[in-house]
Amino acid sequence: MALASILVGLFAISKVKTHFVQKTTESYKAQQTILANQVAETLSNNLSNFENQLQIMATMPEVQNIQNVEQCNTKLNELLKVGRRQLGNLARVDPSGRFACSVNESLIGQDSAQYGSYITDLINDPEHKPVLSRQTKQPGADSFLVGLHVPVFEGETFSGTIGGALYFSKFQDAYLKSVKFGNGGHAVLMDDNADILYHPSLEQNGKNLLDQNIIAFFEPQDTMRKLVKEVKAGRSGTFDYSVQGTAKIGLYKTFKVPGKDRYWAVVVTIPSEDIAQAIDDAGINNVLLALFLLFTSSIALLTFVGLRNIIKNLEVQRMKDDFISITSHQLRTPATVVKQNLGLLMEGYVTNKKDVDEFIASAYESNENQLNIIENILSVSKLEAGRLELQKEKVYVQDLVKQTTGLMKSTIATKKHKLQIVMPAKPITLMADPIKLKMAIENLISNAVKYTPPRGSISINVRNSKENVVIAVKDSGNGISKEDITQIFLRFNRLHSALVSHVPGTGLGLYLTKKIVEMHGGEITVTSKKELGSTFTIKLPLE
Amino acid sequence: MAKVLIIEDELSLAIAYSFLLRHEGHKVVVAHDGEEGLTKAAKAAADLIIVDMMMPRLDGLGFLRQYMPLKKPGVKILILSNMASRTYEKEAIELGANRYEIKAQLSPPQLLKIVNELLNTK
């Protein structure tokens, strides 16, 4: 029976683990894909702009008319100046394929076919669609360029082309190099000829992915062939592969570029290790810990508890992040009160003695509140590390309660709370840590003050028997809902509701209070009615 | 002299802000959460409403969502929050708030300057 339970549990937990890994991997890939898509879109827009600029130039009479070479050259030079920096080598080609005019005058009269067949392709295409060249390297330069020519029409008649070069180095830095993919990933830009247009290690630039030496680099060996096929077809997707034993994932986003059925792709490669790290960060260690717990136990119940723990632990990371955000907000609030009050006093806005006293008292109390939050945080962190220890001594319960309420008298007065304290006249003593017990009581009373609206009532009732002392703090606040009441003593519990509903509170106070009471061998209970208020009761054994 | 509605759940802050604005000669009405803020905004005919973000019952964004469709032209909204969050700021501005300020960063004179700027813009 027990064995069967373990098996069922293991099956369930491995399901959870698989599901978790799968979900985290998917979400990681999705994030990186969004990034790759953005890069592709930026590049695609740049190319479209380039094409649009050329199309506009093609409509200019000075450019259309290539009979006057000098005039045409002047115009092209002028256009180059206003054109974007990544443009270069503007040239006008006549319908026979010869450079008619060009900013690079040495080209004039030469056959454009010498510089790649792309211009010839445009001329021969019955529809004269714009064409993009393969990448070329300028003699003596490091940078690569891609040529683009668009048709020029005089009326209905095809009158050759106008085009220029797009310098890659000008925007590869801005759009490809600067984007970070995962921890060790990078982006490559390729075209549908399998040419590498950009690679972070620059010596790879200009190489062809279908080169035998490059293909051999990848496992499985058909990785690149498949990728090039996908890009030629204009498809986007992902693939798994490895390079020299390092597993990687690839994401490719293909986008349309000027020219007939031409595509480029942003290919992002990320070491699989990065994903493993992301899964780790998201809490897979907790899953493994729970698995270990299951192995070492033979109780069916643990299956259930283990599953619940996994879910809980997975939430801890998110809670910690929320915690920082909420705590800094919580600390800022009293700090703001101190700043405003002191500001009013310093700037001389407050002159009346009574007002001066009130602003000072309120600043002092806010400072106390701030210190209390800090104390709670430090104590919880000690508690988590197993370093919160009690320094017991003889404590007078009534004194502790009086001291605590004294700390809040200014707020109680401002909020016009009716405070009622009922305590036996005879001193009640117990062996306890006075600082921590005071902190526990302070947390309860300050909550009562915080959540009770102005003119509400708060009552503190202390009573004892032979065995116990009971301290009950009752407020007339909004009360706690049935769903929340089971959660209020859990660490960080309030964070979520604080973030979602914007109700202040770090959720550390009650967690800490409960722990302190339990360390003293006592217990804490709560009863509450929505809209009517809550009562928190601490019961401590008298030794 | 203008009428200012302060919606702020931290009583000590509401008191400090009221004191400052009254000292400047403004009329001040205080509400302690978004719901009370809605009621008082309907009655008060305020020129400026100062709204906190994190409040019980109805928070600052909730207040803006319900109040903005009813807002009279010319009423200025100043968000004073300690939530230094771009998301909240963006959402508040999109909902129609005129300014979003982190209250811990404002001294009384700085706050007055902002209030006066808002009251003096049409």
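In the predicted model, helix α3 (residues 60–67) of chain B and helix α4 (residues 86–95) of chain B cross at roughly 15 degrees, and their axes come within 10 Å; helices here are DSSP runs of H or I with at least four residues, strands are runs of E with at least two, and both are numbered from the N terminus. The axes are lines fitted to C-alpha atoms, for helices over the stretch in contact, and the angles run from 0 to 180 degrees between N-to-C directions. The angle therefore makes α3(B) roughly parallel to α4(B), where angles under 35 degrees count as roughly parallel, over 145 as roughly antiparallel, 65 to 115 as roughly perpendicular and the rest as oblique. The crossing of α3(B) past α4(B) is left-handed, a term used if the near helix is turned anticlockwise from the far one by less than a right angle, with right-handed used if it is turned clockwise. Leu61(B), Leu64(B) and Arg65(B) of α3(B) make the contact with Tyr88(B), Glu91(B), Ala92(B) and Leu95(B) of α4(B), contact being defined by heavy atoms within 4.5 Å. By class, five of the residues in this contact of α3(B) with α4(B) are nonpolar, none is polar and two are charged (Ala, Val, Leu, Ile, Met, Phe, Trp, Tyr, Cys and Pro count as nonpolar, Asp, Glu, Lys and Arg as charged, and the others, Gly among them, as polar).

Residues are numbered from 1 along each chain as its sequence is written, while chains are lettered from A and ligands numbered from 1 in the order in which they are written. As this is a predicted model, local features need pLDDT of at least 70 and side-chain atom pairs count only at pLDDT 80 or more, whereas totals for chains, interfaces and linings use all residues; side-chain values use heavy atoms, with hydrogens and water left out.

Elsewhere in chain B, Ala45(B) has a positive phi of about 50 degrees although it is not a glycine, and Ala45(B) is placed in the loop between α2 (34–44) and β3 (48–51) of chain B.

In chain A, five strands form an open sheet of mixed pairing in the order β13-β15-β16-β18-β17, two strands being paired if DSSP finds at least two bridges between them. The edge strands, each pairing on one side only, are β13 (418–422) and β17 (523–529) of chain A, and the twist averages 10 degrees from one strand to the next. Within this sheet, seven bridges join β16 (residues 468–475) of chain A to the antiparallel strand β18 (residues 533–541) of chain A, with Val469(A) standing opposite Leu540(A) in β18(A). Helix α13 (residues 434–451) of chain A packs on the sheet, where it touches β15 (457–464), β16, β17 and β18 of chain A, and its direction makes about 25 degrees with that of β16(A).

The axes of α13(A) and helix α16 (residues 509–519) of chain A come within 9 Å and cross at roughly 140 degrees; α13(A) and α16(A) are therefore oblique to each other. Their crossing is left-handed. The residues of the contact of α13(A) with α16(A) divide into seven nonpolar, four polar and one charged.

A further open sheet in chain A has six strands with antiparallel pairing, in the order β7-β6-β11-β10-β9-β8, and its edge strands are β7 (196–198) and β8 of chain A. Six bridges join β6 (residues 186–191) of chain A to β11 (residues 262–271) of chain A, and Asp191(A) stands opposite Trp264(A) in β11(A). Helix α7(A) lies across β6, β8, β9 (237–243), β10 (246–257) and β11 of chain A, running at about 140 degrees to β11(A). A cis peptide bond, with omega about -5 degrees, joins Glu219(A) and Pro220(A), and Pro220(A) is found in the loop between β8 (218–219) and α7 (223–232) of chain A.

The contact between the two chains takes 32 residues from chain B and 29 residues from chain A.
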